Amino acid sequence: MKVLQERIRTEGLILSETVLKVDSFLNHQVDTELALQIGQEFKRVFGHLPINKVITIEASGIQFAMAVAIALGVPFIYAKKKKAVTLSEAVYSAPVHSFTRQEDYLISISQKYLGPNDKVLIVDDFLATGAALVGLVDIVNEAGAELLGVGCVIEKSFQEGRSLLEKRGIPVYSLARIASMAPGEVHFIDNDPVVDPIQDKAIAAVQEV
C-alpha cells in the first residue's frame with residue numbers, strides 16, 4: 001500500500017531502530033480517509049474468505065478493525081484489557097505482555113459474541129513481537145472459532161511476530177512491511193501481488209464446504 005508507506009516516510013517519527021511513532025495519522029490523531037482505504041485494502045486481500053467476524057484488541061486497533069468490518073459487512077469485536085466490572089458473564093481470556101509498556105495484562109472477549117460457528121479475521125495496527133496477536137489467536141482457538149487470517153497495518157519485519165504466527169499456520173498480510181529503520185530513514189519490503197498462503201486458505205475453505 002504505497003500511500004501508507006509514503007505517509008510513514010513523511011509523517012512517521014522514527015525514534016530508534018525499533019520505535020516508530022505514527023500518532024499524527026494512525027493511532028492518536030486518525031486520518032479517517034486513510035483508515036477507510038485501509039479497510040478496503042484488507043477487503044481486497046481477505047474478502048474472498050467466508051469471514052463473519054473481525055477481531056482486534058483495544059484501543060489502537062479499533063479504528064482499523066471497524067473499517068475492515070464495514071468494508072466486509074460484518075460485526076467486529078474488540079478484546080478488552082483487564083476484566084471490566086460490567087463484563088460479568090463468561091469470557092474467553094488470555095494473558096498478554098506489552099513490551100512497549102513493560103506490563104502484563106489480561107484480554108477478554110465475552111462468550112456471547114464468539115463461538116464455534118465464527119470464521120474470524122484478526123486486525124491490528126502493529127505487528128512486532130506478536131505477543132498481543134498470539135493472545136487473540138489463543139482466544140479464537142479457545143472459542144472453537146476458525147481463524148482465517150491476520151491483517152496488520154504496519155509490520156516491523158525485523159522482529160519475530162510474523163514467524164510466531166506463521167509457525168502456527170496462520171496467513172499474515174501487512175500493508176506496510178518495514179525491513180529496517182533508523183532516524184531519518186525507513187526501508188520497506190514490497191508485498192507479492194499474489195498472497196499464496198491466503199489463497200491456499202480460501203481453496204481449503206471452499207473444499208471443506
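Start with the sheet: select its 8 strands and you'll find an open sheet in the order β5-β6-β4-β3-β7-β8-β9-β10, with mixed pairing. Strands count as paired if DSSP finds at least two bridges between them. Strands here are DSSP runs of E with at least two residues, helices are runs of H or I with at least four, and both are numbered from the N terminus. Colour β5 (91-98) and β10 (185-189) next: these stand at the edges with a single partner strand each, so one side of each has no neighbour in the sheet. From one strand to the next, the twist averages 30°.

A word on what you're looking at: this is a predicted model, where local features need pLDDT of at least 70 and side-chain atom pairs count only at pLDDT 80 or more, while totals for chains, interfaces and linings use all residues. Residues are numbered from 1 along each chain as its sequence is written, and side-chain values use heavy atoms, with hydrogens and water left out.

Zoom in on β5 and β6 (residues 103-110): the two run antiparallel, joined by 8 bridges. Pick Ala-94 and you'll see Ile-107 of β6 opposite.

**Helices on the sheet**

Now show α2, which packs on the sheet and touches β7 (119-127), β8 (146-156) and β9 (172-182). Its direction makes about 120° with that of β9. Contact means heavy atoms within 4.5 Å; axes are lines fitted to C-alpha atoms, for helices over the stretch in contact, and angles between N-to-C directions run from 0 to 180 degrees.

**α2 against α3**

Keep α2 (residues 32-46) and bring up α3 (residues 62-72): their axes come within 8 Å and cross at roughly 55°. The two helices are therefore oblique to each other (under 35 degrees is roughly parallel, over 145 roughly antiparallel, 65 to 115 roughly perpendicular, and the rest oblique). For the contact itself, select Ala-35, Leu-36, Ile-38, Gly-39, Gln-40, Phe-42 and Lys-43 in α2, which meet Phe-64, Ala-67, Val-68, Ala-71 and Leu-72 in α3.

Step back to Ala-59, in the loop between β3 and α3.

**Last stop: Asp-190**

Select Asp-190, in the loop between β10 and α6. What does Asp-190 form a salt bridge with? Show Lys-2: the closest N and O atoms are 3.2 Å apart. That's one of 11 salt bridges in the structure (a side-chain nitrogen of Lys or Arg within 4 Å of a carboxyl oxygen of Asp or Glu). Lys-2 sits in helix α1 (residues 2-11), 188 residues from Asp-190, linking distant parts of the chain. Leaving aside neighbours within four places in sequence, Asp-190 is in contact with Lys-2 and Gln-5.
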